[in-house]
Amino acid sequence: MSQSPAENDQPIRDELAATDDTPHHDRPAASTRSADCHSARDSHSGNDTTPPLDKSGKRVREMFRQIAPRYDTMNHLLSLNIDKWWRRKAVDRLKIKGDAPILDMCCGTGDLAIEIADRAGSDVRVIGSDFCHAMLEIARDKEASRVIDTSGGAGRPTIPFFEADSMQLPFTDDRFQCVTVAFGLRNIVDTDQGIREMVRVCRPGGQVMVLEFSQPTLPVLKQLYGFYFRAILPKVGQWLARNDKSAYEYLPASVGQFPCGEALASRLRDAGLDSVEFHPLTLGVATIYIGTKPGKPSAAPEKTATDQEADQPLKMVAQ
Ligand SMILES: C[S@@+](CC[C@H](N)C(=O)[O-])C[C@H]1O[C@@H](n2cnc3c(N)ncnc32)[C@H](O)[C@@H]1O
């Protein structure tokens, strides 16, 4: 999401990020590490008085349509630019090998897909999907602004972006070596169906990775974060976006009601993933979840029309 000082202020942001690199994996659901994270089976925790959020596809798509033109700017500002560093840490966790494609679902304006593609090399196709046309248009423009490599040198394939609902991805089973989502799973009306779709289209032996907001566990930080998220962020967001106040009220509410830490890790395990780990970032403000789909790659399944479209020859982007 950011083009700005990201590269120059790395030491400061590294300090801010203070990653806990110890993996948390295969813990019982009652793990104390995640005691402050929501453990609800559905998107609403049920233990507060706030009503469940309306996450219907129509509402969520319309919300992102409205904020699309300012989405990137707002993200940099409201996250103090740390979001770009979070995406880089998430991509560090992918074990990209061979030439099987990678899917970034709920790709929005494309930043995670672009980060992956820039690092995956010339043989790997990265595909982005999202159900909000306006967000995808920005992703496509971003990708189109890259210099096309006509030298036959060490470029990487351009990213095709597809309009698709993550509740029902238009790709065949077992297709991608990695399936990723950044800050998108929380918005899907049925979290478990979103996870099941990620697992379905992932190859056996491949990785499913989720980067999502979580809730810090340190008491003081938790309070500061709660105040920023509930009192400051919606006001600044509304002021900057100048249109839809509800989008920036939706953000804290959706994070507050979404499972995190062990609670989300166990949902990934329930969907069939092995070796699930989670890695809190920036004292738990965001968390990377990663797991492996068990089994061995089988015979190539029949491709869908979208798979075939994604297989078309692509231009190469200079790196
Ligand atoms: C907060 S944005 C994240 C975008 C991007 N991944 C990033 O890191 O900035 C969430 C995205 O999820 C998309 N989204 C939410 N529910 C979806 C669904 N059911 N199917 C496809 N996209 C969905 C929205 O359109 C939006 O672009």
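Which residues surround the ligand, and which of them are the closest?

Reply: A word on the model first. This is a predicted model, where local features need pLDDT of at least 70, side-chain atom pairs count only at pLDDT 80 or more, and totals for chains, interfaces and linings use all residues. Numbering runs from 1 along each chain as its sequence is written.

Now the ligand. It has 22 residues around it, and the closest are Cys106, Gly108, Phe131, Cys132 and Ala182 (near means a C-beta atom, placed from the backbone, within 6 Å of the molecule). Two elements give two or more residues to this shell, helix H2 (57–78) and helix H4 (111–120). H2 provides the largest share, four residues. Helices here are DSSP runs of H or I with at least four residues, strands are runs of E with at least two, and both are numbered from the N terminus. By class, the shell has 13 nonpolar, five polar and four charged residues; Ala, Val, Leu, Ile, Met, Phe, Trp, Tyr, Cys and Pro count as nonpolar, Asp, Glu, Lys and Arg as charged, and the others, Gly among them, as polar.

What does the record say? An unreviewed UniProt entry lists Thr109, Asp130, Asp165 and Ser166 under "binding site". Its positions are in the numbering used here, feature names are shortened, and annotations may be inferred rather than shown by experiment.

Take Asp130, which lies in strand S3 (residues 126–130). Asp130 counts as buried because it has 26 C-beta neighbours inside 10 Å; the cut-off for buried is 20 or more other C-beta atoms within 10 Å of a residue's own, with 12 or fewer for exposed, partly exposed in between, and C-beta atoms placed from the backbone. Beyond its neighbours within four places in sequence, Asp130 is in contact with Cys106, Cys107, Gly108, Met135, Leu136 and Glu163 (contact means C-beta atoms, placed from the backbone, within 7 Å).

Ser166 sits in the loop between strand S5 (161–163) and strand S6 (176–182). With 25 C-beta neighbours inside 10 Å, Ser166 is buried too. Setting aside residues up to four places away in sequence, Ser166 touches Met105, Cys106, Gly184, Ile188, Gly194 and Glu197.

Gly194 and Glu197 bring us to helix H6 (residues 191–201), where they are among the buried residues, along with Thr191, Ile195, Met198, Val199 and Val201. The cover over the buried residues of H6 includes strand S2 (102–105), S6, strand S7 (202–213) and helix H9 (262–270).

Notes:
Two residues are in contact if their C-beta atoms, placed from the backbone, lie within 7 Å.
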